[in-house]
Amino acid sequence: MSITRSIRTPIMHRAVEANGFVFLGGTIADDTSVSMGDQTRNILGKIAGYLKEAGTDKSRVVSASIFVTDLSKKKEMDAAWTEFFGDNLPTRATVGVADLGGSALIEVVVTALKG
């Protein structure tokens with residue numbers, strides 16, 4: 001099995017391809033001063049770009065892990081999520097956490113099929 005790493009940052013590769021899957025590391029919003037919904041939209045836009053760079057797209061996302069600091073704002077996240085994925089909703093787990101560093105309200109990790 002070959003492993004391909006791409007989109008290097010100082011501490012990780014944003015995308016790792018292995019065995020027909022693309023694994024994207026945790027992504028937070030560029031502007032963490034905005035609402036949960038706006039942070040989610042920004043993150044999903046970034047994820048779409050990372051997936052494209054890795055040779056796949058949002059319709060091939062099979063699983064997501066979502067970390068949020070305030071579960072009372074989950075409805076905002078859900079609205080942005082369904083806008084983005086439409087009928088191609090992946091499986092997901094949403095986990096409440098105490099802190100994501102800085103003022104980030106949400107961090108998203110996804111796995112997609114290659115191609």
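Modeller: The protein chain carries 13 positive and 13 negative side chains, and the centres of the two sets lie 5 Å apart. Lys and Arg count as positive and Asp and Glu as negative, while His and the chain ends are not counted. A charge is placed at NZ of Lys, CZ of Arg, CG of Asp or CD of Glu.

Biologist: What kind of model is this?

Modeller: This is a predicted model, in which local features need pLDDT of at least 70 and side-chain atom pairs count only at pLDDT 80 or more, whereas totals for chains, interfaces and linings use all residues. Residues are numbered from 1 along each chain as its sequence is written, and side-chain values use heavy atoms, with hydrogens and water left out.

Biologist: Which helices and strands does the protein chain have?

Modeller: There are two helices and six strands, in the order β-β-β-α-β-α-β-β from the N terminus on. Helices (H or I, at least four residues) and strands (E, at least two) are DSSP runs, numbered from the N terminus.

Biologist: Why is Thr40 called buried?

Modeller: Buried means under 20% relative accessible area, exposed over 50%, and partly exposed in between, with a 1.4 Å probe and protein chains only. Thr40 has 0% relative accessibility, so it counts as buried. Thr40 sits in helix H1 and, leaving aside its neighbours within four places in sequence, is in contact (heavy atoms within 4.5 Å) with Met77, Ala80, Trp81 and Ile106.

Biologist: And why does Ser6 count as buried?

Modeller: Ser6 has a relative accessible area of 18%, and therefore is buried. Ser6 belongs to strand S1 (residues 3–8). Beyond its neighbours within four places in sequence, Ser6 is in contact with His13, Arg14 and Ala15.

Biologist: What makes a set of residues a nonpolar core?

Modeller: The set must consist of buried Ala, Val, Leu, Ile, Met, Phe, Trp, Tyr and Cys residues joined through side-chain atoms within 4.5 Å. The largest one here has 25 residues, and those with the most contacts inside it include Leu24, Trp81 and Ile106. Among the elements giving two or more residues to this core are strand S3 (21–27) and helix H2 (74–85); H1 gives the most, with six residues.

Biologist: How do you know whether the radius of gyration agrees with a compact globule?

Modeller: The radius is taken over C-alpha atoms, and the globule rule is 2.2 Å times the number of residues to the power 0.38. With 115 residues, that rule gives a value near 13 Å; the protein chain has 14 Å, so the two agree.
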